[in-house]
Amino acid sequence: VYKRQDLTGYGYSIDLRFGFANISIANKDLRVRFRPDFCQTLNGTDFETKMRQSDMRTSEFWSQSYSQKWAQSSLSKLMQRRPHSSVVRVLAEKTEALKLMSLDLASNGILLKKINTNPYSNY
């Protein structure tokens with residue numbers, strides 16, 4: 001049976017530094033140190049408005065249809081700016097043509113090596 005050990009099992013120390021806290025494991029001892037102003041930031045009045053995904057009231061949220069929510073979402077705005085299918089098709093055809101050309105050049109290089117390795121050739 002294979003016994004799995006992590007880095008701390010081998011005696012390594014781990015130090016993870018995040019923007020709001022430092023997490024360190026040394027000699028199998030876990031320590032977390034938060035940034036001094038982190039608690040003040042959490043307790044601030046503007047923190048909740050920054051972290052909220054929506055300022056919509058619950059009654060309004062459940063009264064909207066899925067299509068209305070989709071129209072207002074940022075993902076739908078990204079999907080609307082997709083390239084035209086004709087442009088995508090032309091680029092895909094060019095990519096396939098380049099693949100064929102590279103295969104053709106590679107096979108010609110192998111053929112030329114075989115021709116040039118012939119000791120009786122006059123090249």
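Predicted model: local features only at pLDDT ≥ 70, side-chain atom pairs only at ≥ 80, totals over all residues.
The strands are considered at the outset. Three strands form an open sheet in the order β1-β2-β3, and their pairing is antiparallel. Strands of a sheet pair through backbone hydrogen bonds, in either a parallel or an antiparallel manner. For β1 and strand β2 (residues 21-26), the antiparallel pairing extends over four bridges. Within this pairing, Asp 15 has Ser 24 in β2 as its bridge partner.

Aromatic side chains were examined next. In general, a pair of aromatic rings is described by two quantities, the distance of the centres and the angle of the planes. The structure contains three aromatic pairs. In one of them, formed by Phe 18 and Phe 20, the ring centres lie 6.1 Å apart and the planes are at 20°. Planes under 30 degrees apart count as stacked, and the pair of Phe 18 and Phe 20 is therefore assigned to that class. Both residues can also be described by their accessibility. Phe 18 has a relative accessible area of 44% and is partly exposed; Phe 20, with a value of 39%, is likewise partly exposed. Ring pairs join Phe 18, Phe 20, Phe 34 and Phe 38 into a cluster.

Charged side chains provide a further set of contacts. The count of salt bridges in the model comes to four. One of these links the side chains of Asp 29 and Arg 31, with an N to O distance of 3.1 Å. Asp 29 is partly exposed, its relative accessible area being 33%, and Arg 31 is also partly exposed, at 47% relative accessibility. A salt bridge is likewise formed by Arg 35 and Asp 37, whose closest N and O atoms are 2.6 Å apart. Arg 35 counts as partly exposed at 37% relative accessibility, as does Asp 37 at 33%.

Another salt bridge is located within a helix. The closest N and O atoms of Glu 96 and Lys 99 are 3.5 Å apart, and these two residues form a salt bridge. Both belong to helix α6 (residues 85-116), where they are three residues apart, a spacing of about one turn of the helix. The relative accessible area of Glu 96 is 44%, which makes this residue partly exposed. Lys 99 is also partly exposed, with a relative accessibility of 45%.

Is Ser 76 buried or exposed? Its relative accessible area is 3%. Buried means under 20% relative accessible area, and Ser 76 is therefore classed as buried. A polar atom of the Ser 76 side chain lies 2.9 Å from the backbone oxygen of Ser 73. When residues up to four places away in sequence are not counted, Ser 76 touches Trp 70 and Ala 71.

Definitions and conventions. Residues numbered from 1 in each chain as written. Heavy atoms only, no water. Phe/Tyr/Trp six-rings, centres within 6.5 Å; stacked < 30°, edge-to-face > 60°. Buried < 20%, exposed > 50% of the residue type's maximum accessible area, 1.4 Å probe, protein only. Helix = DSSP H or I, 4+ residues; strand = E, 2+ residues; numbered from the N terminus. Polar contact = N/O pair within 3.5 Å; in protein donor to acceptor, adjacent residues only side chain to side chain. Contact = heavy atoms within 4.5 Å. Pairing = 2+ DSSP bridges.
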